[in-house]
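Subject: Structure handover

Hello,

Here is the structure I promised to pass on. Please open it first, then read my notes below with it on screen.

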Amino acid sequence: MGLISNGTTIFDAGAMASGFGGSMKFIKKLTASSSGTLSFVNGASNVVLDGTYKEYLFTFNNIHPATGGTLFHWNMSIDGGTNYNVQKTTTTFRPFHYETASDTPEWAYATDQDLGNGTGFQTLVQGLGNANDENSSGTLQLFNPSSTTFVKHFMSSVNMQHTSSAPASVNWNAAGYGNTTSAVNAVQFKMASGNIDAGVICLYGIA
Amino acid sequence: MGVISNGTTLLDAGALDSGVATGSMTLIKTLTASSSATLSFLNGASNVVFDGTYKEYVFKFINIHLATNGQNFTFQADTGTNTSYNQTITSTSFSAYHGENGNSGTLSYGASGDQAQGTAFQLLNSTSEIGSDADQSLSGSLTIYNPSSATFVKHFMATTNWNELNDFTGQTFTAGYFNTTTALTRVQFKISSGNIDSGIIKMYGIK
């Protein structure tokens, strides 16, 4: 049954008509618990990662590693999550400010964390501490992953607390493109070493 | 027909009641380029709202594809019903680059992409570098704050990722302000030379 008000369809077929409600649609929340990987696969577990939206937004909340000093990174798949190895060309840079205010802040390109048509996982943050209060939070935008015409642009900005050997606030910015014209239909996040001890990743579609 | 629950009107006259909780990001307008010289959002025309209804407006760029190689994606704004699109801008621009061949990972200020009380269209990438290969494009977003203010200058911030014509990835951060206390009523996007071959621009209001 639908609901029509003054000639305008408000609800029909179990959904609110387009034009009503907000444009940022919650799709899926994954909560880490000593997790080796967290994966969002289109069509599995109610995940939508296809042409339904032209932009997808991942949010990272309090991502805490089991192993100190590691990096948190991600990759894309074009085969439903069988392989996470999409070729990527990327940039990375980060402002870096120590808890000891007298230490000189840094603001530099990170040549060791970018990819030049590499298929490895792309760094979101590096040097993440694992003390109880240390974690990282931020966002990743992925544009039009289902396109079969264009490469797949993405941009991430994640802040983290650097490992206690040099405690600091570090704002990692990574961007680039998956250099493929095949549709991307799955995304995976993991630590370079050890598990994701705790944290939440949410996926949204931008209508 | 309206819907009233426990004495509270939820919807009436074809619209949700303003007191009904919905998302805070509202899609206002989608424009799709097709060999388009310009794409313009004019308050009051074609269902576009660009006034005091929202304090923040976000434009999303999805796979903006150029007809002409090596050009810039740009924007300007205007007041009233003016069509000159030549408001005074002071802005900053910086970019990160990295080649598909793994070379030249750099982070630099874009002196040729900023303006000091200039009236030109503001670049949303670094100078003259977006490629027009079939799989190349630009994606990202632009936020304009409180364009209807009669008191303050109008701040904006943009972040884009794009394919450089020589097979680099580029991420550009642009920010600044329209140095006017007159309300902005319209925004126009165009390529520095040649058409917007294809692509989508979505405009949102943030409550």
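Contact here means heavy atoms within 4.5 Å. Keep that in mind for the touching residues listed below. One caution: this is a predicted model.

Start with chain A. Chain A has 16 strands and 0 helices. Its C-alpha trace spans about 65 × 35 × 30 Å along the principal axes. Of the 207 residues in chain A, 52% are buried. Now take the contacts in chain A with a separation of 6 or more: 74% of them join residues 24 or more positions apart.

Next, the cores. The largest nonpolar core holds 37 residues. Phe58(A), Phe60(A), Phe72(A), Phe189(A) and Ile201(A) have the most contacts inside it. Strand 6 of chain A, residues 55-65, gives the most to this core, with 4 residues.

Look closely at Phe72(A). Leaving out residues up to four places away in sequence, what does Phe72(A) touch? Its partners include Phe60(A), Ile63(A), Leu124(A), Val125(A), Phe189(A), Met191(A), Ile196(A) and Ile201(A). Gln122(A), Thr123(A), Ser136(A) and Lys190(A) are also among the residues Phe72(A) touches.

Then go to chain B and find Asn72(B). Asn72(B) sits in the loop between strand 6 (56-66) and strand 7 (73-79) of chain B. Is Asn72(B) buried or exposed? Its relative accessible area is 7%, and the cut-off for buried is under 20%, so Asn72(B) counts as buried. The side chains of Asn72(B) and Asn125(B) make a polar contact of 3.2 Å. Beyond four places in sequence, Asn72(B) touches residues including Leu123(B), Ser126(B), Glu129(B), Ile130(B) and Lys190(B).

Last, the interface. How many residues does each chain bring to the contact? Chain B gives 50 residues and chain A gives 45 residues. The size of an interface is often given as the accessible area lost when the parts come together. Between chain B and chain A, the buried area is about 3400 Å². Carbon and sulfur atoms give 64% of that area.

The rule finds 1 salt bridge across the interface of chain B and chain A. Glu55(A) forms a salt bridge with Lys60(B), and the closest N and O atoms are 3.0 Å apart. On the side of chain B that touches chain A, 21 residues are nonpolar, 23 are polar and 6 are charged.

Best wishes

Key:
Residues numbered from 1 in each chain as written. Chains lettered and ligands numbered in written order. Predicted model: local features only at pLDDT ≥ 70, side-chain atom pairs only at ≥ 80, totals over all residues. Heavy atoms only, no water. Core = buried A, V, L, I, M, F, W, Y, C linked by side-chain atoms within 4.5 Å. Buried < 20%, exposed > 50% of the residue type's maximum accessible area, 1.4 Å probe, protein only. Helix = DSSP H or I, 4+ residues; strand = E, 2+ residues; numbered from the N terminus. Buried area = accessible area lost by both parts, 1.4 Å probe. Salt bridge = Lys/Arg side-chain N within 4 Å of Asp/Glu carboxyl O. Nonpolar A, V, L, I, M, F, W, Y, C, P; charged D, E, K, R; others polar. Polar contact = N/O pair within 3.5 Å; in protein donor to acceptor, adjacent residues only side chain to side chain.
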